[in-house]
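I opened the model today to look up its core and its charged pairs. Here are my notes.

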Amino acid sequence: MTLEEAVNKTFEIISHYESGAYIDLEHLRRMMRGLSGCHAILTKENIEAYNRHNAIMYNFDGSAARAKIEADKEVPELRMTRKLIDTIGKAHDSIRSEIYIIKQEQ
């Protein structure tokens, strides 16, 4: 799965979950599996982006502040993947809570 596919799948799952449509236990479990897979892809991409970002900062001729600006400009995926990983974590927690509630009601 590519980064773009992981991003699209993440937002598709979250949109479906947030739509308020009735979702049974099995659908919630599938959503969690899907989000977990996207989390793994995004984590891998985040590590690669972090390494590229650090290489730019290390090899930059100039101040550390200017190096960071350049690295941020050259590797926007670093911030994006961090934010998406955080979003997935929050969605995962919400779905987990809903699964717990459904199980308690059964």
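Predicted model: local features only at pLDDT ≥ 70, side-chain atom pairs only at ≥ 80, totals over all residues.

**Core and salt bridges**

Leaving aside neighbours within four places in sequence, I found L42 in contact with L3, A6, V7, T10, T81, L84, I85 and I88.

Next I looked up the largest nonpolar core, which has 21 residues. L42 is among the members that touch the most others, along with Y17, L28, M31, L35, I95 and I99.

Then I turned to the charges. How many salt bridges does the count come to? I got 9.

I took R66 and E70 first. Their closest N and O atoms are 2.8 Å apart. Both sit in helix α3 (residues 64-74), 4 residues apart, or about one turn of the helix. Is E70 buried or exposed? E70 counts as buried because its relative accessibility is 14%, under the 20% cut-off. R66 has 39%, so I noted R66 as partly exposed.

In helix α4 I looked at K90 and D86, 4 residues apart. Their salt bridge has its closest N and O atoms at 3.3 Å. K90 is exposed at 55% relative accessibility, while D86 is partly exposed at 42%.

R96 and D93 also lie in helix α4, 3 residues apart. The closest N and O atoms of this salt bridge are 2.9 Å apart. I have both down as partly exposed, R96 at 44% and D93 at 41%.

Note on methods
Residues numbered from 1 in each chain as written. Heavy atoms only, no water. Core = buried A, V, L, I, M, F, W, Y, C linked by side-chain atoms within 4.5 Å. Buried < 20%, exposed > 50% of the residue type's maximum accessible area, 1.4 Å probe, protein only. Contact = heavy atoms within 4.5 Å. Salt bridge = Lys/Arg side-chain N within 4 Å of Asp/Glu carboxyl O. Helix = DSSP H or I, 4+ residues; strand = E, 2+ residues; numbered from the N terminus.
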